[in-house]
Amino acid sequence: MDSYKSLQIVQKIPTSPVYNLYLNRPSSRNALSRDVFAEFPKALSSLDQNPDVGVIILSGNGDHFCSGIDLKTLTSISGDLSSDRGRIAERLRREIKGMQDAITAIERCRKPVIAAVHGACIGGGIDIITACDIRYCTDDAFFSVKEVDLAITADLGTLQRLPSIVGYGKAMELALTGRRFSGSQAKELGLVSEVFSSKNAMDEGVRAVAEDIAAKSPLAVTGTKAVLLRGRDLTLDQGLDYVATWNSGMLLSDDLAEAILAYNQKRRPSFSKL
């Protein structure tokens with residue numbers, strides 16, 4: 001298993017296709033440092049290319065999921081004292097695009113990524129979870145699209161992804177006010193699918209969901225994620241055409257034959273790794 005400065009990958013149950021990816025800077029409340037932005041896409045790519053991985057659970061070590069971007073990182077990005085405004089702007093744009101790419105790595109990963117949130121999920125933490133495929137949290141979790149309070153327009157994906165999750169009006173209100181909202185409010189908004197009473201309950205509940213997904217056809221699971229993500233940018237007719245083309249290449253697989261056979265034999269299907 002690869003090792004990282006700011007992340008941790010754990011396979012809690014040997015032979016299980018469910019892997020845990022942890023933000024691992026607990027002393028900094030898992031603030032997003034340069035190391036996180038550099039290592040995050042590498043870790044996700046490694047998990048994506050590992051045929052033993054079926055589903056990834058993303059969470060934070062320590063008391064919080066993520067407290068947002070590390071202020072040292074923010075200072076270093078904005079600290080160029082060059083007098084050439086054009087070169088400063090070009091460098092800053094590259095920095096922002098690089099950080100955006102690190103978050104978007106969640107969507108590039110073919111395997112489903114499930115966010116399991118406890119404690120704080122602020123600023124960059126919202127960027128991360130809105131890129132995830134499914135989201136859960138604990139009752140004591142709290143959230144904030146905090147960038148506006150730091151004189152920043154959120155630029156790592158929240159403003160692009162949150163409206164399609166909670167609705168345009170609610171996303172606008174959350175982003176403009178930067179207000180803190182609870183786990184139960186996150187569920188009411190549609191940001192999370194379920195709220196658990198404790199972290200242990202969440203860990204058990206999310207693992208059960210992940211194991212269930214991982215037991216399904218990996219071709220069907222990765223295809224479902226890919227088609228849903230692509231469909232955000234397409235009209236209805238374009239989306240239907242896209243999935244028709246997708247299934248013309250993927251439908252006639254050994255997985256389909258195995259699923260039908262298992263159904264007829266009243267047993268759980270067994271699929272090859274992807």
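Before you click, helices (H or I, at least four residues) and strands (E, at least two) are DSSP runs, numbered from the N terminus. This is a predicted model, where local features need pLDDT of at least 70, side-chain atom pairs count only at pLDDT 80 or more, and totals for chains, interfaces and linings use all residues. Residues are numbered from 1 along each chain as its sequence is written, and side-chain values use heavy atoms, with hydrogens and water left out.

**Stop one: the sheet.** Select the open sheet of 3 strands, ordered β5-β7-β8 with mixed pairing (two strands pair if DSSP finds at least two bridges between them). β5 (120-122) and β8 (181-182) are the edge strands with a single partner each, so one side of each has no neighbour in the sheet. Now zoom in on β5 and β7 (residues 142-144): they run parallel, joined by 3 bridges. Ala 120, for instance, has Phe 142 in β7 as its bridge partner.

Axes here are lines fitted to C-alpha atoms, for helices over the stretch in contact (heavy atoms within 4.5 Å), and angles run from 0 to 180 degrees between N-to-C directions.

**Stop three: two helices.** Show α4 (residues 124-131) with α5 (residues 158-166): their axes come within 9 Å and cross at roughly 55 degrees. Which residues of α4 and α5 meet? Pick Ile 126, Asp 127, Thr 130 and Ala 131 in α4, then Thr 158, Arg 161, Leu 162 and Ile 165 in α5.
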